[in-house]
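Here is a walk through one protein model, meant to be read with the structure open beside you.

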Amino acid sequence: IGGLDNLKTWLRENAVVFKNINEAKAFGVDTPKGVLIAGLPGCGKSLSAKAAAALFSVPLVRMDMGRLMGKYVGESESNMRKAIRLAEEVSPCVLWIDEMEKAFAGLGQGGGGAEVITRLFGTFLTWLQEKKSLAFVVATANDIGRMPPELLRKGRFDEVFYVDLPNPEERKKILDI
């Protein structure tokens, strides 16, 4: 990845903790939860998620929030629980949730579909806050302004990074790669 030096440094530091989690816990270091990467389309968010899995030396599991939605009552909630359980069973892994703001669009609005999204959101938030597994979450978003504030609260993600268009120096690094 060319550029994104702050994000890459942060991921490298957390990869060391992740790979040596038993020693880190012995020193009182918390298990890394994950990162939210927000920014313009095409600036390296998804590539960063893939690079994180390689850096952590674990499988990359992609959660497609759109495919969780079912047409029968209770199916969506069941799919969310299955997806979370799968990520925990595969762990240690990097769980990549792409375009997270689109997953919870309509949250807080009226209608039957909004109730399902609210329940999915609640299940996901509870898991994100309380998870003990080594499923490191990399969530990406194009428009952080559309995300519910509860998701951005301290404790959900370890850090939030904004990815912008590369500057001339970063463009050179990208072209060199």
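Which residues does methionine 100 touch, not counting residues up to four places away in sequence? They are Phe124, Ala139, Thr140, Ala141, Met147, Leu151 and Phe157, where contact means heavy atoms within 4.5 Å.

## Ground rules

This is a predicted model, with residues numbered from 1 along each chain as its sequence is written. Local features need pLDDT of at least 70, side-chain atom pairs count only at pLDDT 80 or more, totals for chains, interfaces and linings use all residues, and side-chain values use heavy atoms, with hydrogens and water left out.

Helices (H or I, at least four residues) and strands (E, at least two) are DSSP runs, numbered from the N terminus. Buried means under 20% relative accessible area, exposed over 50%, and partly exposed in between (1.4 Å probe, protein chains only).

In soluble globular proteins, nonpolar side chains tend to be buried together.

How many of the five residues of strand 3 are buried? Five of the five, and both faces are covered. Cys93, Leu95 and Ile97 sit on one side, with Val94 and Trp96 on the other. In a regular strand the side chains alternate between the two faces of the sheet.

Strand 3 runs parallel to strand 2, joined by four bridges, and pairs with strand 4 in the parallel sense over five bridges. (Two strands pair if DSSP finds at least two bridges between them.) Cysteine 93 stands opposite alanine 135 in strand 4. Arginine 62 has tryptophan 96 as its bridge partner, and the charged end of arginine 62 also sits over the ring of tryptophan 96, 5.3 Å from its centre. Elsewhere, lysine 131 lies over the face of tryptophan 127, at 5.8 Å from the ring centre. A charge sits over a ring if NZ of Lys or CZ of Arg is within 6 Å of the ring centre and within 35 degrees of the ring normal.

## Phenylalanine 18 and friends

The structure holds six aromatic pairs. Rings of Phe, Tyr and Trp (its six-membered ring) pair if their centres lie within 6.5 Å; planes under 30 degrees apart count as stacked, over 60 as edge-to-face and the rest as tilted. Phenylalanine 18 and phenylalanine 56 make a tilted pair, 4.9 Å centre to centre with 50° between the planes. This pair links helix 1 to helix 3, 38 residues apart. Phenylalanine 18 is buried at 5% relative accessibility, and phenylalanine 56 at 2%.

Phenylalanine 18 also pairs with phenylalanine 136: the centres are 6.3 Å apart and the planes at 75°, so this pair is edge-to-face. Phenylalanine 18 is in helix 1 and phenylalanine 136 in strand 4, so the pair ties together parts that are 118 residues apart in sequence. Phenylalanine 136 is buried, at 0% relative accessible area. Ring pairs link Trp10, Phe18, Phe56, Phe136 and Phe161 into a cluster.

## A buried glutamate

Is glutamate 101 buried or exposed? Glutamate 101, in helix 6 (residues 100-103), is buried, with a relative accessible area of 2%. A polar atom of its side chain lies 3.1 Å from the backbone nitrogen of asparagine 142, and the side chain of glutamate 101 reaches the backbone nitrogen of aspartate 143 at 3.4 Å. Leaving aside neighbours within four places in sequence, glutamate 101 is in contact with Thr140, Ala141, Asn142, Asp143, Arg146 and Met147.

A polar contact is a pair of N or O atoms within 3.5 Å; within protein, one must be able to donate a hydrogen and the other to accept it, and residues adjacent in sequence count only if both atoms are side-chain atoms.

A cis peptide bond joins serine 91 and proline 92, with omega about 10°. Proline 92 lies in the loop between helix 5 (75-90) and strand 3 (93-97).
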